Amino acid sequence: MKKILFHILFGIIATGTILSNYTYNGWAMYIFKPLIMIWISGYFLFHAKSIDRKIVKLALAAFVFSWLGDIFLMFADKGEVFFASGIFAFLISQIFYIFLFLKTINLSGKKPFLRKQPFWLIAYIAYGLVFVILLYNNLDTLLRIAIFIYIAAILSMSSMALNRLGNGHPVSFILVFTGSLFFVFSDSLIAIDKFLYSFDHARAVILFTYIIAQYLIMKGILKQYE
């Protein structure tokens, strides 16, 4: 029953966040959006009592910097400094996710998937190169460096999620890896909408995929240790 109530609350927060962005209701967005990562962190802590403390700390660090990124990006239309700060916060978040996924592999005692089949990295490298080519002429020098570093970080995060294949609960892998792909998709849409081509309902789609990404990653880590 508690899980149902928790998820009803999450549904309200997610819906409020997406609708407030879709309707450009600033005050509602300021109320709902910060609650996304607060809920995810709280839910994780509530169910993580038997999980290795290093796993918990890494996950919470990723959640906290994601929360900071959410806060900064809410004000991105008020100046590039907020957008850059949001990107930096999410960059730190991706780094913590990378270490989190590597730690789950180390604790499993099994060989990382990409060590056995490294050719899967070609897909990530190709995707990153496509974005570098597409964005290059649309960014100034500072943003060019920041965005390209972030692209490398988020693709590394997703590749480390793939690296967990065969290193624990199969449902945990599916949830975390799928979440990482939603994260890549969401951030790709941000770059496309901001620097290449602005499209209708972009903010709603970006938020929807982002919320799914964070939720799936959190649930996947919990599933690993049930």
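Is Leu216 buried or exposed, and what is the relative accessible area of Leu216? In this predicted model, Leu216 has a relative accessible area of 15% and is therefore buried, the cut-off for that class being under 20%. Leu216 lies in helix H9, which spans residues 202-224. Beyond the neighbours within four places in sequence, the contacts of Leu216 are with Leu175, Val176, Thr178, Gly179 and Phe182. Phe177 is 39 residues away from Leu216 along the chain, and the two C-alpha atoms are separated by 8.5 Å.

Nonpolar side chains tend to be buried together in soluble globular proteins. In this model, the largest nonpolar core comprises 64 residues. Within this core, the residues with the most contacts are Phe44, Tyr97, Phe101, Leu135, Ile147, Phe183 and Met218. Helix H7 (residues 141-162) supplies the largest share of the core, with 12 residues. For Leu135, when neighbours within four places in sequence are left aside, the contacts are Ile147, Phe148, Ile151, Ala191, Phe195 and Leu196.

Two further buried positions were examined. Val56 belongs to helix H3 (residues 53-74). Its relative accessibility is 4%, so Val56 counts as buried. Residues up to four places away in sequence not being counted, Val56 touches Phe44, Leu45, Ala48 and Ile51; Phe44 is also among the core residues with the most contacts. Between Val56 and Ser41, which are 15 residues apart in sequence, the C-alpha to C-alpha distance is 9.9 Å.

Thr104 is part of helix H4 (residues 80-108). With a relative accessibility of 2%, Thr104 likewise counts as buried. The side chain of Thr104 reaches the backbone oxygen of Phe101 at a distance of 2.6 Å. Phe101 is itself one of the residues with the most contacts inside the largest nonpolar core. Not counting residues up to four places away in sequence, Thr104 touches Ile55, Arg164, Ile221, Gln224 and Tyr225.

Nonpolar residues also occur on the surface. Ile4, Leu5, Ile8 and Ile12 form a nonpolar patch there, and together these residues have about 380 Å² of accessible area. Leu5, a member of this patch, is found in helix H1 (residues 2-22). The relative accessibility of Leu5 is 49%, so Leu5 counts as partly exposed; the class of exposed residues begins over 50%.

Methods: Residues are numbered from 1 along each chain as its sequence is written. This is a predicted model: local features need pLDDT of at least 70, side-chain atom pairs count only at pLDDT 80 or more; totals for chains, interfaces and linings use all residues. Side-chain values use heavy atoms; hydrogens and water are left out. Patches are made of residues with over 30% relative accessible area and no salt bridge: like charges are joined within 9 Å, nonpolar side chains (Val, Leu, Ile, Met, Phe, Trp, Tyr) within 5 Å. Accessible areas come from the Shrake-Rupley method with a 1.4 Å probe; for residues, only the protein chains shown count as cover. A salt bridge is a side-chain nitrogen of Lys or Arg within 4 Å of a carboxyl oxygen of Asp or Glu. Helices (H or I, at least four residues) and strands (E, at least two) are DSSP runs, numbered from the N terminus. Buried means under 20% relative accessible area, exposed over 50%, partly exposed in between (1.4 Å probe, protein chains only). A nonpolar core is a set of buried Ala, Val, Leu, Ile, Met, Phe, Trp, Tyr and Cys residues joined through side-chain atoms within 4.5 Å. Contact means heavy atoms within 4.5 Å. A polar contact is a pair of N or O atoms within 3.5 Å; within protein, one must be able to donate a hydrogen and the other to accept it, and residues adjacent in sequence count only if both atoms are side-chain atoms.
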